[in-house]
Amino acid sequence: SACDTTNVSYRKDVQPIIRNNCYECHAASVTQEGGLNLEDTASLKQYLTRQYRGNGIYGSQLMHIINQLPGSLQMPPTYKLDSCSINKIQRWIHLGAPIS
């Protein structure tokens, strides 16, 4: 099936992706790897807007890491997110990353 990124929202689309793929290491209930708690939306927002190797969407550290671009950390560490999940996160960031 096609990946619908038309009406992407944090609660419906992005949070489940992050919960299912990142919370194991990056949640309040665990010792956060790298000190990063992705359950905390303020921390998440800071992480997405942190400029990293350039400008724009692919300048965000989160996008470098989940796209597993050369020279960046690769997360999740044992596999790559599917392209639909990456596209939904990218679209959400393009929309201004609203937490609603």
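Predicted model: local features only at pLDDT ≥ 70, side-chain atom pairs only at ≥ 80, totals over all residues.
1. Confidence. The protein has an average pLDDT of 82, and 84% of its residues score at least 70. Helix 1 (residues 10-21) has the highest confidence, with a mean of 94, whereas helix 2 (residues 41-49) has the lowest, with a mean of 77.

2. The disulfide. The whole structure contains 1 disulfide. The bond is formed by C3 and C84, with an S to S distance of 2.1 Å. The link is right-handed, with 80° about the S-S bond. It connects distant parts of the chain: C3 belongs to the segment before helix 1 and C84 to helix 4 (residues 83-94), the two being 81 residues apart.

3. Accessibility of the bonded cysteines. C3 has a relative accessibility of 29% and is therefore classed as partly exposed. C84, at 22%, is likewise classed as partly exposed.

4. The cysteines C22 and C25. For C25, the closest cysteine sulfur is in turn that of C22. In accessibility, C22 counts as buried at 18%, while C25 counts as partly exposed at 30%.

5. Salt bridges. The count of salt bridges is 2. In one, the side chains of K12 and D13 meet at an N to O distance of 2.8 Å. In the other, K88 pairs with D13, and the closest N and O atoms are 3.8 Å apart. This second pair links distant parts of the chain, with K88 in helix 4 and D13 in helix 1, 75 residues apart. In general, side chains of opposite charge can pair when their charged atoms come close.

6. The network and its setting. K12, D13 and K88 are linked in a network of salt bridges. Is D13 buried or exposed? D13 has a relative accessibility of 9% and so counts as buried. K12, by contrast, is exposed, with a relative accessible area of 53%.

7. Q15. This glutamine is located in helix 1. Its relative accessible area is 16%, so Q15 is buried. Leaving aside residues up to four places away in sequence, Q15 touches Y10 and Y23.

Technical notes. Residues numbered from 1 in each chain as written. Heavy atoms only, no water. pLDDT = per-residue confidence, 0-100. Helix = DSSP H or I, 4+ residues; strand = E, 2+ residues; numbered from the N terminus. Disulfide = S-S within 2.5 Å. Buried < 20%, exposed > 50% of the residue type's maximum accessible area, 1.4 Å probe, protein only. Contact = heavy atoms within 4.5 Å. Salt bridge = Lys/Arg side-chain N within 4 Å of Asp/Glu carboxyl O.
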